[in-house]
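Let's work through this one together, a question at a time. Keep the structure open beside you and find each spot as it comes up.

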Amino acid sequence: MPPLITREEALALGEIEDHDEILALVDRAWAARRDQFGDSTDMCSLVNAKSGGCAEDCGFCAQSKYAEAPTPMHGMLDAEQILEHAKAAEAAGAHRFCMVTQGQGLSKRDFQNILEGAKLVAEHTNLKRCASIGHMSVERAKQLKEAGIQRVHHNVETAESYYPEVSSTVRYDGRLRTIDAVIEAGLETCVGGILNLGESRQQRVEMAFQLAKINPTSVPINLLNPRPGTKFGDRDYMDPWEAVKWIAIFRLVLPEALFRLCGGRVENLGELQPLAVKAGLNGVMMGNFLTTLGSEPEDDRAMFEELGLNTARFDDNGANPRPDNRSGWLDGETPPETPIDVLVDRFDEANFWDPSRQLKLRKKSSVPPRPDGAPNRGHHTLIEMPSEV
C-alpha cells in the first residue's frame, strides 16, 4: 500500500507545532491505523541475551567500546534461560518475544544458543518468535526460520544522509544487505530507527520514505535516551508533542506497517504515551529494554485497552496468529481474551529480564578514539546510569 501522504505533505506536517494541529494529525493517523488493523494489537517483549563489549561505534550506545560509559555486561544466556524470560513475557500478555544480542554478528556457539532458545520458545509457549542478532547471511537467516523464528529485527537507525554521524564502522548498505538476506530466507522484517539523534526534520521524512521503500512488516520507533559517555550523551530528551507528531507522520507514510514504541518512550513521552498510541501504534515493547527499565505490564496493556483496542492473544503457538500483519497468517478474528488464567501485572510477579539486576557495569580503563574522529562523549556531564539500547 503506498504512503497516504506525499513527501511534500510530510515535510509540511513536520513543521507544525500548534498542539491543536498535532491533535488533528493524531486523529488522521488513528483513522489510518484503525482502517488497516481494526482493534488488534501486537505487543512485544525482549531479553538481552548477550550484552556489552561491542566493537562498533554507534554513537547512541554505551555497549560500544568507543563509549566512555561503563560497559553493561553479561554473557550469552543458554536456551533454558531464554525460555524462562519468554514465559515471563507470555504471562504479561505479550504476543511475541525477541532474543537480542549486541554487536554485528554471533560466534557459532552463540548462534547455536539462539537457535536452541528459539526452538524451546516455540515448543513451550504461544509466543511469536523474533531475533535481533546483527548482520547475517541468507544461510543463517534460513537456520533461524527452521528453528521457529518468524521475524528478524535489524534497524537502519536513521536517514541514509545522516547515517555517517551515527556510525562509521557499520555501513548503511551493510544493514540493507542483511535486510535483503532476511527477506530472501522467507522471514518477516522488523526495521526502524531512533529519533532525536540530531537529524533534521527533513531527514526524518527521508528516513520514513526509505522505510516505505524497504516495506518492513514491523517498524520499531526508539526515542533517544541520552547515555552518559556516548557521542549523543549531551542531547536533551525529545519534546513529547514533537515525538507524537512524528509517530503520526510515520504512520501515514507507512500505513500497513506494524508500529511499536521501544527504547526511550517512558523518559521522552511521560504522560503523553497514551496519545502516542492513538498516533498510530500497534504495540509497545513491554517489560524492560536492553539496558533500562520499562513500564509495568498492566500499565502498558491499559494504554491500548482504554482506546478500545484488544490486547488478547490466540492460544495457537503462532500457527494461526491474530490479524496483525501482511504475512500468511492474516486470517482470523481477534479472540475475546488471552488464554491464560491470570495475566501478571507487575515485574515482581514473574522473572522478567531485569537490567538493574542482571547487568554488571564494567568500567573501561581506556577508550580508543572514535574512527570518525568525533568526541567519544557529549560535552555535558550527566549522571551515570545503565546504558540504553
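Q: Is Glu157 buried or exposed?
A: This is a predicted model, where local features need pLDDT of at least 70, side-chain atom pairs count only at pLDDT 80 or more, and totals for chains, interfaces and linings use all residues. Residues are numbered from 1 along each chain as its sequence is written, and side-chain values use heavy atoms, with hydrogens and water left out. The scale goes like this: buried means under 20% relative accessible area, exposed means over 50%, and partly exposed is in between (1.4 Å probe, protein chains only). Glu157 has 8% relative accessibility, so Glu157 is buried.

Q: What is the phi of Glu157, and in which loop is its place?
A: Look in the loop between β5 and α6 (163–166); here helices (H or I, at least four residues) and strands (E, at least two) are DSSP runs, numbered from the N terminus. Most residues other than glycine have a negative phi. Glu157 is not a glycine, yet its phi is positive, at about 75°.

Q: What about Asn215: buried, partly exposed or exposed?
A: Asn215 also turns up in a loop, the one between α8 (201–214) and β8. Its phi is positive too, about 60°, although it is not a glycine. With a relative accessible area of 42%, Asn215 is partly exposed.

Q: How many aromatic pairs does the count come to?
A: A pair of aromatic rings is described by the distance of the centres and the angle of the planes. Rings of Phe, Tyr and Trp (its six-membered ring) pair if their centres lie within 6.5 Å; planes under 30 degrees apart count as stacked, over 60 as edge-to-face and the rest as tilted. By this rule the count is two.

Q: Why is the pair of Tyr163 and Tyr172 called what it is?
A: Tyr163 is buried at 3% relative accessible area, and Tyr172 is buried at 8%. Their ring centres are 5.5 Å apart and the planes are at 70°, so the pair is edge-to-face.

Q: What kind of aromatic pair do Phe347 and Phe352 form?
A: Phe347 is buried at 17% relative accessibility, and Phe352 is buried at 6%. The centres of Phe347 and Phe352 are 5.2 Å apart with 80° between the planes, and the pair is edge-to-face.

Q: Which residue lies over the face of Phe111?
A: A charge sits over a ring if NZ of Lys or CZ of Arg is within 6 Å of the ring centre and within 35 degrees of the ring normal. Over Phe111, the distance from the ring centre is 4.2 Å, and the residue is Arg140.

Q: How many bridges join β1 to strand β3 (residues 96–101)?
A: Two strands pair if DSSP finds at least two bridges between them. Within this pairing, Lys50 stands opposite Thr101, and Asn48 has Val100 as its bridge partner. β1 and β3 run in the parallel sense, and the number of bridges is six.

Q: Which residues point one way from β3, and which the other way?
A: β3 is mostly covered, with six of its six residues buried. Arg96, Cys98 and Val100 point one way, and the other way point Phe97, Met99 and Thr101.

Q: Which residue in β4 stands opposite Phe97?
A: β3 and β4 run parallel and are joined by five bridges. Opposite Phe97 stands Arg129.

Q: How are helix α3 (residues 79–91) and helix α4 (residues 108–124) set relative to each other?
A: They pack at an angle of about 40°, with axes 8 Å apart; axes are lines fitted to C-alpha atoms, for helices over the stretch in contact, and angles run from 0 to 180 degrees between N-to-C directions. Angles under 35 degrees count as roughly parallel, over 145 as roughly antiparallel, 65 to 115 as roughly perpendicular and the rest as oblique. α3 and α4 are therefore oblique.
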